[in-house]
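Open the model in your viewer and keep the selection panel at hand. The tour moves from the domains to their contact, then to the ligand.

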Amino acid sequence: MMSGSELYDIAIIGSGPGGYHSAIRAAQFGAKVALIEEDKLGGTCLNWGCIPAKALYASAEFIQKLKENGEDHGILCDFKLDFSKAVDRKNRVVKELTDGIATLENAWKNDVYMGHGKILKGNANNGFEILIEGDDNKKIKAKRVIIATGSTPVLIPVFNIDHDRILTTDDVLHPNFKFLPENLLIIGAGVAGCEFANIFASFGSKVTILEYLPSPIASEEPMVVKEIQKKFDSLGIEILVSQNVLSIVNTGPSVKATTISADVPREQIETAEKSYFEADYCLVTIGRAKKSRNLGLEDLKIETQRGAIKVDPKTLETSVKGIFAIGDVTGGMMLAHVARHEGDVAVANVLASLDEFQVKEKATDYRVIPATIFTSPNIGAVGMRRKNAKDSGYDLITGRFPYISLGKAKCMGEEDGFILIIADKKTSKILGASCIGSEASELISEISLAMQHGLTVHDVASTIHSHPTISEMVLEGMEDVYGMAIHKKGRPLHFND
Ligand SMILES: Cc1cc2nc3c(=O)[nH]c(=O)nc-3n(C[C@H](O)[C@H](O)[C@H](O)COP(=O)(O)OP(=O)(O)OC[C@H]3O[C@@H](n4cnc5c(N)ncnc54)[C@H](O)[C@@H]3O)c2cc1C
C-alpha cells in the first residue's frame, strides 16, 4: 500500500444520490469512507433537480387545486401568488434536506471533503491517490474509488444559453430565481420540459413548448400522452411538435427562437420556411452532459464513450480494476433511484474485493425501474408499454380503470386519469403499467414490487386493499384485466383461468 496519510477503504467522488447513498451504505458495513464534493452535498437531485423541482411542483399543485376545485369545496377566496415566497419555501426544503445529508455522513463518521476530486495514480493492489483541488489541494489515498460525478445541463452553442434570459434547469431552480416570467418558451417536451411547463403555467406564465419529436414525452403510452395534452390545453400550454430549433437569441428585452419543421433535410435548412417565437425567457431542457472531465480518466486509461464512463453492466467496475462508476456519469437511465441502486451494487462489489469485509458481490438488476413525471395529474409508469410488449412478441391482456369511478378519487375531486395494466395472457404475469392521475407516482411502487417478485394479476387482485384509498386504482385495474372490476361495466373473462 502507498505510504503517507490515512488510507480510506473507499473514496467516493460526487455526493449526489449515487455518491451520498454509497457513502452511508459503505459505512454501514464498517468501511472507512471519504466523500468528495465540489459544489453542494446532495448533487443534482437535492440542489438542482428532483427536490427543488418537486417543491415548486407542490406549490403549483396547491394553486391548481384551489383554482379548479376551491369553489366546489366551498372555499371562496381571492388568492394571489407570491412567487418569491414559493421559491423561499423551495430553498428551505432544499436546505433542510442537504443539511440532513451532512448530519447523516457525520453520524456515520464519513469524512466529507469539499473540492474537486481527481484520481492521480494507483491501482487495485496499492490503492489510489486522489487530489482534492480546493483551498488547500489535499491528497488522500483509498483502496477503491467510486466515481459518482453525475451530469450537468447540456449547453448547445446555437442555443446561446447565457443564464440571463436563455436558461437551463439549474438557472430556474437557482435559489435567487424569484421572478415569474410572463411568457416562457421551453425547448424540449421531455420529462423536465413538461414538468416545468406545468409548474410555470400553474403559476400563471403563458408557456409554449417546442419539441423536435412528433409527440411530447414520446416514450410514454400514447393514451397517457393524450390525457396530459388535454390537461395542458386547459392550462393554456401550447405544445408545438416536429420543431427543429435553429437558434435562440437574447434580444435584450426578450428572447427569439427560430425554427423549421423537423422534416426538413439538413441541406435545405437555409431555404426552408422559418417560424419565429418570442418570449420573456427561454428554458432549454434538451438533455444532460455526463460530468467526466478532469477526473484523471485519461491518465489512468479509464474508458469512456461520448463522455459516459464505461462500466461492466453487472458489477459497475470501470475498465480499471478497483475503480467503479455509478449514476448519471455512466450514461444509463438518468434517475436518482437508479443511481442509488447502482451505489448499493458498487459498494457491495468494492467491499467483496477487500479481504477484511465479509460482503457478498452483487449484480445490477434493472428489470423493474419505475419512472414518474410530476405534471398535474402526475404520471407513473413501470415495465413495458403496450408497443414494447407487442414488439417483444407477447400476447397481451390489458386492464384499464378510470379515476372517475373510484370513491376516494371522487371524495378528493381528483377524477381525471386512469390506470392501465398490461399482462402476459399466457402466464398472467404483470408486464407493465402506466398511470396518470392523483398519486400515480405512488401507485406505481406497488406494481413495481409485484413485478420484481414475478407476481400475477391475480396475486395483486386478491390482495386486500384498504378502502377508501387511491390504491384501489391498482386493485380495480388488475381486476379489469379479466373484465372483473367491480366499479366498471366489464367484459368478464375467466378470472380464475
Ligand atoms: C430538473 C431535474 C429534475 C429531476 N427530477 C427527477 C425525479 O423526479 N426523479 C428522478 O429519479 N430523477 C430526477 N432527476 C435526475 C436526477 O437528479 C439524477 O439522475 C441524479 O441526481 C443522478 O445522481 P448522481 O449521483 O449520478 O449525480 P448528481 O446528482 O449529478 O451528483 C453528482 C455530484 O458530483 C459532484 N461532482 C462532479 N464532479 C466532481 C468532482 N470532480 N469532484 C467532486 N465532486 C464532483 C457534483 O457537484 C454533484 O454534486 C432530475 C434532474 C433534473 C435536472
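**Domains, then ligand**

Start by colouring three parts: domain 1 (7-152 + 290-352), domain 2 (157-286) and domain 3 (377-480). These bounds come from an automatic or database domain assignment. The model is predicted: local features need pLDDT of at least 70, side-chain atom pairs count only at pLDDT 80 or more, and totals for chains, interfaces and linings use all residues. Residues are numbered from 1 along each chain as its sequence is written.

Now show domain 1 and domain 2. Their C-alpha centres lie 28 Å apart. The contact between them takes 13 residues from domain 1 and 13 residues from domain 2. Two residues are in contact if their C-beta atoms, placed from the backbone, lie within 7 Å.

Select α3 (50-69) and α4 (83-107). Each supplies at least two residues of the side of domain 1 that touches domain 2. The largest share of that side, seven residues, comes from α3. Helices (H or I, at least four residues) and strands (E, at least two) are DSSP runs, numbered from the N terminus.

What is the make-up of the side of domain 1 that touches domain 2? Ten residues are nonpolar, three polar and no residue is charged. Ala, Val, Leu, Ile, Met, Phe, Trp, Tyr, Cys and Pro count as nonpolar, Asp, Glu, Lys and Arg as charged, and the others, Gly among them, as polar.

Next, select the ligand. Of the 36 residues around the ligand, Gly14, Gly16, Gly43, Gly150 and Gly327 come nearest. A residue is near if its C-beta atom, placed from the backbone, lies within 6 Å. The shell around the ligand divides into 15 nonpolar, 16 polar and five charged residues.

Finish on α2 (43-48). The largest share of the shell around the ligand, four residues, comes from α2.
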